[in-house]
Amino acid sequence: MTSLFTATLAYLSKMCGLESVSSFPAQHPFARTSWNPSYFDIAYGMKPDRIEQALCDAIRNTPSIFAHISNPTPRMQRSLLAVLHDSVRRNDGNAAEWAALLIVAYASRYVHEVVPGLRAEIAASAGEAQAERVRSMLAFLANMKAPFDVIEVV
């Protein structure tokens, strides 16, 4: 009897939007992507496209929040890359922090490569100090002809 009550209460809580989801549905192409619900208020039942848009908006507004996403989607990575690009252009000193977040994300083999060659570049600097890895990655991104003209293939 209590399990039925608990299950019903959990279902009602989700339907009323009192719980946040922490990953995409199992059938979604990026089902391995997850986030800390303490940092993202994503209501249960929200469509995956809206979820991804909300996460991308959060990354653009507060880039450090990217650290709380596991296996970010290519669109989320592009949001962080756009912030990184703006940071480099403004020379505000935050580009290294955003690049380091991307390096940490690429430690997972499930992250889809958003920029061709980026995974290889990060892997090539694996034994180096973090500062050198960041410099290497920033140099790689700076040498790209059109860094954000990447077509997403899912």
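# A guided tour of the predicted model

Begin by selecting Asn-71, which lies in the loop between S2 and H3; helices (H or I, at least four residues) and strands (E, at least two) are DSSP runs, numbered from the N terminus. This is a predicted model, in which local features need pLDDT of at least 70, side-chain atom pairs count only at pLDDT 80 or more, and totals for chains, interfaces and linings use all residues. Residues are numbered from 1 along each chain as its sequence is written, and side-chain values use heavy atoms, with hydrogens and water left out.

Asn-71 has a phi near 55°, a positive value in a residue other than glycine. Most residues other than glycine have a negative phi. Asn-71 is also buried, with a relative accessible area of 14%; buried means under 20% relative accessible area, exposed over 50%, and partly exposed in between (1.4 Å probe, protein chains only).

**The whole chain**

Now display the entire protein chain, which has 6 helices and 2 strands. Read from the N terminus on, its elements run α-β-α-β-α-α-α-α. Of its 154 residues, 35% count as buried.

**Helix H3**

Select residues 74–90, helix H3. At 1.5 Å a residue, the 17 residues of H3 should span 24 Å, and its end C-alpha atoms are 24 Å apart, which agrees; the expected span of a helix is 1.5 Å times one less than its number of residues. Among the buried residues of H3 are Pro-74, Gln-77, Leu-81, Leu-84 and Ser-87. The buried residues of H3 pack against H2, strand S2 (69–70), H4 and H6.

Asn-91 is placed in the loop between H3 and H4. Is Asn-91 buried or exposed? At 66% relative accessibility, Asn-91 counts as exposed.

**Helix H2 beside H3**

Residues making the contact include Leu-55, Cys-56 and Ile-59 of H2 and Met-76, Leu-80 and Val-83 of H3; contact means heavy atoms within 4.5 Å.

**Helix H6**

Move to residues 130–142, helix H6, whose 13 residues reach 18 Å from the first C-alpha to the last, close to the 18 Å expected at 1.5 Å a residue. Which residues of H6 are buried? They are Arg-133, Val-134, Ser-136, Met-137, Phe-140 and Leu-141. Seen down the axis of H6, these buried residues fall within an arc of 160°, so they line one face of the helix; the arc is that of the directions from the helix axis to the C-beta atoms. On the other side of H6, Arg-135 and Ala-142 are exposed. The cover over the buried residues of H6 includes H3, helix H4 (95–105) and helix H5 (118–124).

**Last stop: Ser-125**

Finally, select Ser-125, in the loop between H5 and H6. At 3% relative accessibility, Ser-125 counts as buried. Leaving aside its neighbours within four places in sequence, Ser-125 is in contact with Arg-133 and Ser-136. Ser-125 and Ser-136 are 11 residues apart in sequence and 7.4 Å apart in space, C-alpha to C-alpha.
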